[in-house]
Amino acid sequence: MEIEIDNGSGFCFGVTRAIGKAEEELQKGGHLYCLGDIVHNGKECDRLQRMGLVTINHKTMGGIRHSKVLLRAHGEPPSTYKLAKENDIEIIDATCPVVLHLQERIKKEYTNSEQGKQIVIFGKNGHAEVLGLVGQTEGTSIVIESADEIGKLDLNRDIYLYSQTTMPLDEFRRIVERISQSISPSAKFQYYDTICRQVSNRMPHIRDFAQRHDVVLFVCGKKSSNGKVLFKECRNANERSYMIDTASEIESRWLQDCESIGICGATSTPKWLMEECKVRIEQLLGCNE
């Protein structure tokens, strides 16, 4: 029996950096708050909580004074920084550099806005990164989740399209094509591919990985938007793909009649959790014998 952990899965650079900053601060002692789950993986959040990291929300942050608050990789809107200044909060900024650069680009676009310009963001409504991006435009940008939603746009006015960094590249291209075909000849259409390649390149990689194995276990927190997209790709490539949050969820019946098992995950999945799943598989196969 071959059991392979995908070397291309696991934390992306932004998440690795954010967790590193959290661990570094926690080692100094004292309180460290994190605005939102530092990563969309319950087990990793539990590990950091045991080290002393306290997860808060925006409402809770309003009542905190003279403390340190870590901003996770997803980024935050300008209003969060304003609140921190008012409450004498020291920001430990772990915003992913790719996201930070995108925020700056959108803010510059908005600041230099021509009358009637529409700033459009391809992303998930309500996602933390998207909220941070929309905040750069004082809430005026338009969020669309697919090419089917271009009806939200005024195709007689200029459109400037950006993307959340973790969205599927294929759908972004469909949006570009649909707008290009539909926009008025008198309106300008500019689009910027701001999708992180470290994330988007995982799509074809994980598809190939899933095809190489009889059974695939995709380890991912239930809140992970990126995980849902990648698991769908796994499932399309291999019907015997199962999404799990922890090793305890693995069922022995999934492992029957197979010679190879692949373990992979999202950009928010820690390698140690995939290792735990491998150990659990070996235990289950030993029981079956």
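A salt bridge is a side-chain nitrogen of Lys or Arg within 4 Å of a carboxyl oxygen of Asp or Glu. This is a predicted model, in which local features need pLDDT of at least 70 and side-chain atom pairs count only at pLDDT 80 or more, while totals for chains, interfaces and linings use all residues. Residues are numbered from 1 along each chain as its sequence is written, and side-chain values use heavy atoms, with hydrogens and water left out.

**View 1. The salt bridge between Arg 197 and Asp 193.** The side chains of Arg 197 and Asp 193 come together in a salt bridge, with a distance of 2.4 Å from N to O. Arg 197 is partly exposed at 34% relative accessibility, and Asp 193 is partly exposed at 36%; here buried means under 20% relative accessible area, exposed means over 50%, and partly exposed lies in between (1.4 Å probe, protein chains only).

**View 2. The salt bridge between Glu 171 and Arg 174 in helix α7.** A salt bridge links the side chains of Glu 171 and Arg 174, at 2.7 Å from N to O. Both residues belong to helix α7 (residues 169-182), where they are 3 residues apart and so separated by about one helical turn. Helices (H or I, at least four residues) and strands (E, at least two) are DSSP runs, numbered from the N terminus. Glu 171 is buried, with a relative accessible area of 14%, whereas Arg 174 is partly exposed at 43%.

**View 3. The salt bridge between Glu 149 and Lys 152.** In the salt bridge that Glu 149 forms with Lys 152, the closest N and O atoms are 3.3 Å apart. Glu 149 is partly exposed, having a relative accessible area of 23%, and Lys 152 is also partly exposed, with a value of 46%.

**View 4. The setting of these close-ups in the whole chain.** The structure holds 14 salt bridges, and the protein chain contains 11 helices and 12 strands. Of its 289 residues, 51% count as buried. Among contacts (heavy atoms within 4.5 Å) between residues at least 6 apart in sequence, 71% join residues at least 24 apart. Along its principal axes, the C-alpha trace of the protein chain spans about 70 × 55 × 25 Å.
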